[in-house]
Amino acid sequence: MDLYDIHTYNLVSDDSDDPYHSYILNVFPLGYEDAVGSYPKCFFTCGIHPWHSEDAEAQLLYLEEIASNKHIVAIGEAGLDKLKGPELGIQRQVFERHILLSEKLKKPLIIHCVKAWEDLIALYKHYRPAQPWIIHGFRGKPELTRQLVKLGFKFTIGAKFRPEGLQLIPLDAMFCETDESELSIQEVYEAVAEALKLDLEDFAAVIAQNVKSVFPDLSSISS
């Protein structure tokens, strides 16, 4: 059974049973060179978190320089947060640079969104992206979930989720993550499968197919 952690800040140790290719490590642009040098078997998502989007031009320019690297399989996490970080206009400008880069490089966009759903949806409708927009750590209410599903968003589900919203997400639009949680990715899979009343191996097989479609570099190593 192949398990994939699509968004994490936690390194898998060398003596772990989890292979390097089973997870995507989140890094900031200026930390990428050290990370790829230390962990050459890893895949990465690289971007500027909305909390740190003020005075971000140097990091944006560097991100644009390195993002085509084969080890970077997604752009982000990036997005909008009304509860923390600089004012939303600054966040939006930085986020839009990530959107353009995602489209240019044909790499998925990993999204952080807190209390800014109307703004996120407006940007989605404006840009009409060809690349997947994947909302990480999603735990939205049913009404929001229906709206995002209808538009075509994808979702990563982590240690905390809202079961009534989770059940509205099509399985082919779903991934799993650990983010900063102390839970293992297997424990996350088990919790989500139980909430959906699915057999764990059947659920894992569906997620593996989603990974093959959106992140082929990860799945090709295990095939």
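Modeller: When I say that two residues are in contact, or that they meet, touch or pack, I mean that heavy atoms lie within 4.5 Å. The model is a predicted one, in which local features need pLDDT of at least 70 and side-chain atom pairs count only at pLDDT 80 or more, while totals for chains, interfaces and linings use all residues. Residues are numbered from 1 along each chain as its sequence is written, and side-chain values use heavy atoms, with hydrogens and water left out.

α3 covers residues 88-105, which is 18 residues, and from its first C-alpha to its last it reaches 26 Å, close to the 26 Å expected at 1.5 Å a residue; the expected span is 1.5 Å times one less than the number of residues. At the start of the helix, a side-chain oxygen of E87 comes to within 2.8 Å of the backbone nitrogen of G89. Just after the helix, K106 takes a positive phi of about 60°. As background, most residues other than glycine have a negative phi.

Which residues of α3 are buried? They are L88, Q91, V94, F95, H98, I99, L101 and S102, where buried means under 20% relative accessible area, exposed over 50% and partly exposed in between, with a 1.4 Å probe and protein chains only. These residues cover an arc of only 165° around the axis, which puts them on the same side of α3; the arc is that of the directions from the helix axis to the C-beta atoms. In general, an α-helix has 3.6 residues a turn, so residues three or four places apart point the same way. On the face turned away from this buried side, α3 carries the exposed residues Q93 and K104.

The buried residues of α3 pack against α2 (57-66), β4 (72-81), β5 (109-114), α4 (117-127) and β6 (133-135). Taking α4 from that list, α3 packs with α4 at an angle of about 35°, and their axes are 12 Å apart; axes are lines fitted to C-alpha atoms, for helices over the stretch in contact, and angles run from 0 to 180 degrees between N-to-C directions.

H112 sits in strand β5 and is buried, with a relative accessible area of 10%. Its side chain makes a polar contact of 3.3 Å with the side chain of E77; a polar contact is a pair of N or O atoms within 3.5 Å, where within protein one must be able to donate a hydrogen and the other to accept it, and residues adjacent in sequence count only if both atoms are side-chain atoms. Apart from neighbours within four places in sequence, H112 is in contact with residues including H49, W51, E77, L80 and H136. E77 itself lies in strand β4, and the peptide bond joining G76 and E77 is cis, with omega about 10°. For comparison, most peptide bonds are trans.

E77 is also among the contacts of T45, together with A74, I75, G76 and I110, once neighbours within four places in sequence are left aside. T45 has its place in strand β3 and is buried, with a relative accessible area of 0%, and a polar atom of its side chain lies 3.3 Å from the backbone oxygen of A74. F44 belongs to strand β3 (residues 43-46) too, is buried with a relative accessible area of 0%, and touches A74 as well as H71, I72 and V73, among others.

Finally, in α2 one finds Q59, whose side chain places a polar atom 3.2 Å from the backbone nitrogen of L30. Beyond four places in sequence, Q59 is in contact with F28, P29, L30 and I48.

Conventions: Helix = DSSP H or I, 4+ residues; strand = E, 2+ residues; numbered from the N terminus.
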